[in-house]
Amino acid sequence: DSDKIIFMSKTLSAVSSELTIWKKYANSITFAKNMLDMIGEFKINAISSEDLKKAIPFADKPSLKNKLSDIALIYETFDAFLGEKFIDPVDSLTHLNNKLLNYNYFDKKIVIFDSFKGFTGQQYKILERILNSAKNVYISLTNDPEIKGDYTVYSNIRKAATDIESIAKSRNVEV
């Protein structure tokens, strides 16, 4: 974590003159830590700096456009600094997904997922790759159909099941 804070501080220093909203915080360690947390969340949910740039024109307020622009710039620069010498552990599933593009490891295999309570954006992308190539995919999710409602202990699991079914159907995979 301390290495990542150093890289983020270097990033903020490098882009401080280009920042609009957060220029005054560019030298703050607390801000560096907050940006690391935010970028980590984006990475886990498979949101890239490019995705943020694409969202800017859809922002309805100038302040939101500026925030998105600042975050995208910080994110992109941070990844460039890290990419020179290090791999961020948060990126490990993204790297796996990229490797699966050119490697048919799951081709004609049976894959079983057991006891997941949900999936991150990165995990959904890998699941899509597996669904595209595996012979069969079995996923077990814990659910109690007797417990009804939108905000129960099973809500996230039910949403994951719906998301997985949507991914499978979009890939013409039988559910």
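Is Asn-136 buried, partly exposed or exposed? Asn-136 is partly exposed, because its relative accessible area is 31%, where buried means under 20% relative accessible area, exposed over 50%, and partly exposed in between, using a 1.4 Å probe and protein chains only. Before going further, please keep in mind that this is a predicted model, in which local features need pLDDT of at least 70 and side-chain atom pairs count only at pLDDT 80 or more, while totals for chains, interfaces and linings use all residues. Residues are numbered from 1 along each chain as its sequence is written, and side-chain values use heavy atoms, with hydrogens and water left out.

Let us step back to the whole chain. The protein chain has seven helices and two strands, and from the N terminus on its elements follow the order α-α-α-α-α-β-α-β-α. Here helices (H or I, at least four residues) and strands (E, at least two) are DSSP runs, numbered from the N terminus. Along the principal axes, the C-alpha atoms fill a box of roughly 50 × 40 × 30 Å. Of the 175 residues in the protein chain, 31% are buried. Among contacts (heavy atoms within 4.5 Å) with a separation of 6 or more, 69% join residues 24 or more positions apart.

Thr-11 counts as buried because its relative accessible area is 0%. Leaving out residues up to four places away in sequence, Thr-11 touches Ile-74, Thr-77, Phe-78 and Phe-81.

Next comes strand β2. Asn-136 lies in this strand, and, with neighbours within four places in sequence set aside, Asn-136 is in contact with Lys-109, Ile-110 and Val-111.

Tyr-138 is partly exposed, because its relative accessible area is 46%. Together with Ile-110 and Ile-112, Tyr-138 makes a nonpolar surface patch of about 340 Å². Such areas come from the Shrake-Rupley method with a 1.4 Å probe, and for residues only the protein chains shown count as cover. Patches are made of residues with over 30% relative accessible area and no salt bridge, joining like charges within 9 Å and nonpolar side chains (Val, Leu, Ile, Met, Phe, Trp, Tyr) within 5 Å; a salt bridge is a side-chain nitrogen of Lys or Arg within 4 Å of a carboxyl oxygen of Asp or Glu.
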